[in-house]
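Colleague: Please take a close look at one part of this model and describe how its side chains are placed. Give the cut-offs as you go.

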Amino acid sequence: MQGQAPPRFAITYDFENLAGTYMRQMPLLEDGRGFGVLTDESMNLVLHEGRVTPPEGGAIRLDGTSMTIPDITVRGAPADIRLRTESGLQAALSLLDQEPFRFLSKAGIATDIASGAARADVSLRLPLKDRVTFEDIAFAADGRLGDVRSDSLVRGKSLRAPAL
């Protein structure tokens, strides 16, 4: 039909008990519950509940995390990820020390250097392609630590802070 706009579509779906990978070598996403919206141009996923469990420190809650791909018609399209985490500090440090990052190991720091609670709100924008370099990623992060304690950060001293 000449002069008419092409058909458009949208699919909305819920998911629960989702388990899957989000990045090679990282712990599985488990117990995911949320929803997704797929249109002819975009995709949006929202995680109401979910967790990852690194080797040390217990689970990291990902409640409120979301991912948006504004234009799925473009190869290597950018994805906007809003990552919200809540966990013990050791779990957060343990996750940061997994492959491919190994941030703490590279600095010679153990994941049990401190204890406490950790919350983070991270915004990422990265292309969806096979090899993503650090330069490809735009990010902003806001983190809060609570009830922090370390007996090993400074030799012979016990350090404590109610909030950082």
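Modeller: Beyond its neighbours within four places in sequence, T65 is in contact (heavy atoms within 4.5 Å) with L45, V46, L47, R82, L83 and R84. This is a predicted model, in which local features need pLDDT of at least 70 and side-chain atom pairs count only at pLDDT 80 or more, while totals for chains, interfaces and linings use all residues. Residues are numbered from 1 along each chain as its sequence is written, and side-chain values use heavy atoms, with hydrogens and water left out.

T65 belongs to strand β5, residues 65-69; strands are DSSP runs of E, at least two residues, numbered from the N terminus. With a relative accessible area of 11%, T65 is buried, where buried means under 20%, exposed over 50% and partly exposed in between, using a 1.4 Å probe and protein chains only. A polar atom of the T65 side chain lies 2.8 Å from the backbone oxygen of L62. V122, 57 residues away in sequence, has its C-alpha 9.3 Å from that of T65.

S150 is in strand β8, residues 138-150. S150 has 5% relative accessibility and therefore counts as buried. A polar atom of its side chain is 3.3 Å from the backbone nitrogen of S152. Apart from neighbours within four places in sequence, S150 is in contact with I113, A114, K157, S158 and L159.

L153 sits in the loop between β8 and β9 (159-163). At 54% relative accessible area, L153 is exposed.

Notes
Helices (H or I, at least four residues) and strands (E, at least two) are DSSP runs, numbered from the N terminus. A polar contact is a pair of N or O atoms within 3.5 Å; within protein, one must be able to donate a hydrogen and the other to accept it, and residues adjacent in sequence count only if both atoms are side-chain atoms.
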